[in-house]
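Hi everyone, thanks for making time for this one.

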Amino acid sequence: TETLGALVQAIRASTNQPNVSTAQLGLVNASAEFVSPAGKFVVAAKQVVPMVGDKASAMQLDRNSQIAEQSLTALRAAIDEAVAACGSLELNGSLDVIKALMEEVAATVELIRAKK
């Protein structure tokens with residue numbers, strides 16, 4: 001649940017701030033953290049299929065677990081592509097942090113000057 005919550009927050013952040021590189025990088029990282037537990041869930045679902053008594057339910061679970069597995073494969077590929085492109089995002093993210101710190105310092109300097 002922590003991994004899913006982090007992924008949802010990362011999706012919201014990247015949606016609300018599409019031009020902020022740290023938000024995009026956060027989405028890539030949260031997605032990467034999500035893959036392993038989701039993969040375990042798919043494996044568990046596939047293992048349970050033979051134990052489901054209702055044939056229609058077993059077929060639906062099997063079909064949905066296959067779709068989930070394909071989706072995770074696509075997500076892994078997208079993560080790999082994003083990681084390859086993230087070098088510039090990491091730099092941009094660092095620049096965003098530096099700019100924010102510089103603005104904070106400038107505001108502090110102005111407050112100090114105003115008090116003198």
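Which residues is Ser 65 in contact with, leaving aside its neighbours within four places in sequence? The answer is Val 42, Ala 45 and Lys 46, where contact means heavy atoms within 4.5 Å. Ser 65 itself lies in helix 3; helices here are DSSP runs of H or I with at least four residues, numbered from the N terminus. Ser 65 is buried, at a relative accessible area of 3%. For that word, buried means under 20% relative accessible area, exposed means over 50%, and partly exposed is in between, using a 1.4 Å probe and protein chains only.

Before going on, a word on what we are looking at. This is a predicted model, so local features need pLDDT of at least 70 and side-chain atom pairs count only at pLDDT 80 or more, while totals for chains, interfaces and linings use all residues. Residues are numbered from 1 along each chain as its sequence is written, and side-chain values use heavy atoms, with hydrogens and water left out. The pLDDT is the predictor's confidence in each residue, from 0 to 100. The protein has a mean of 87, and 92% of its residues reach 70 or more.

Now to the helix pair. The axes of helix 1 (residues 2-16) and helix 2 (residues 21-48) come within 8 Å and cross at roughly 155°. Those axes are lines fitted to C-alpha atoms over the stretch in contact, with angles running from 0 to 180 degrees between N-to-C directions. That makes helix 1 roughly antiparallel to helix 2, a label for angles over 145 degrees. Among the residues making the contact are Leu 4, Leu 7 and Ile 11 of helix 1, and Leu 27, Phe 34 and Pro 37 of helix 2.

Not counting residues up to four places away in sequence, Ser 14 touches Ala 23, Gln 24 and Leu 27.

Let's finish back in helix 3. Glu 103 is found there and counts as exposed, at 59% relative accessibility. From C-alpha to C-alpha, Glu 103 and Asp 80 are 34 Å apart in space and 23 residues apart in sequence. Gln 60 is in helix 3 too, and counts as partly exposed at 44% relative accessibility. The C-alpha atoms of Gln 60 and Val 49 are separated by 9.1 Å, with the two residues eleven apart along the chain.

Note on methods. Helices (H or I, at least four residues) and strands (E, at least two) are DSSP runs, numbered from the N terminus. Angles under 35 degrees count as roughly parallel, over 145 as roughly antiparallel, 65 to 115 as roughly perpendicular and the rest as oblique.
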